[in-house]
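Colleague: I would like to go through some helix faces with you. Please set each label against its definition.

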Amino acid sequence: MIYKTRDGKEISGNDGQDQFLSLLYGSLPGRMAVRLLIHPVVSKIGGVFLNSPLSRFMIRPFIKKNKIDLSLYETAAYHSYNEFFIRKIKKEARPFDQNPSHLVSPCDGKLTIYPIQKNGRFLIKQTAYTTETLLRNKKLARRYENGLALLFRLTVDDYHRYFYVDDGRKSRNVCLSGVLHTVNPAANDAYPIYKENARQYSLLKSVHFGTILMMEVGALMVGKISNHHQEAFVTRGAEKGFFEFGGSTILLLFEPHWILPDEDLLKNSLEGFETVVKAGERIGKAVR
């Protein structure tokens, strides 16, 4: 899999993992195995192991393989793999752009931008979705017609805590049950994963960017989405929550005519590339 950096360089992702998942989701025997693997109970069983001290042996090989600099994090002593996976980064390692008119990334990840059509339809890697099926709420879905969907795909090597992109009034969390496909594009080619996977969403009535719909999507081996707040006034750069082990996704929906994404991100999205972004960096601006 090929990503692009903000300066236009192309980098390759985890080819071995991509090939395995393509085989798993692209073959009949693989899809039969998937039916078992995506059940939430499997992720819960995996979570029990990953929360236990028995999982510590996995930490060092992961750090070495992904070249993780532990000096950027608040602690380097972990009692389980999941404790390592949800490690907290030092604040200075993820500075937030404080210009109030700048839209910032809520997380580390690979970003793609999709226009939402008048009927609420949009495409993710050639798979059709509608805001209504995604949210299971027809009235709310209409609000985002002709707006933009910003999809941040987190792979296992990304930092798995996420943040608010603006000051504003946050609504309660709405939890939608589902299965737990991987969020690798190989799965999206075979299944409409973002409307099948377990997910949570809430609304942020923001100061500068309209009412933003914020959605967290669980994935294979991510049985737990941990959000810190229900209804509350929240601030730009404050931590919203975290995912436990695995790849996962954050989706932001914007109403029409509120934001203008940066040109490089739009260009890369049109060409079919995901762009590597970090939490707190500028990805666009307000247009009102």
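Colleague: Which exposed residues does the face of α4 turned away from its buried side carry?

Modeller: That face of α4 carries Arg 60, Lys 64 and Lys 65. They are called exposed because exposed means over 50% relative accessible area, buried under 20% and partly exposed in between, with a 1.4 Å probe and protein chains only. This is a predicted model, where local features need pLDDT of at least 70, side-chain atom pairs count only at pLDDT 80 or more, and totals for chains, interfaces and linings use all residues. Residues are numbered from 1 along each chain as its sequence is written, and side-chain values use heavy atoms, leaving out hydrogens and water.

Colleague: What makes α4 a helix, and which of its residues are buried?

Modeller: Helices are DSSP runs of H or I with at least four residues, strands are runs of E with at least two, and both are numbered from the N terminus. Helix α4 spans residues 59–66, and its buried residues are Ile 59, Phe 62 and Ile 63. These fall within an arc of 100° seen down the axis of α4, so they line one face of the helix. The arc is taken over the directions from the helix axis to the C-beta atoms.

Colleague: What do the buried residues of α4 pack against?

Modeller: They pack against α5 (81–85), where contact means heavy atoms within 4.5 Å.

Colleague: Which residues of α10 are buried, and which are exposed on the other side?

Modeller: In α10 (residues 263–270), Leu 265, Asn 268 and Ser 269 are buried. They cover an arc of only 100° around the axis, which puts them on the same side of α10. Glu 263 and Leu 270 are exposed on the other side.
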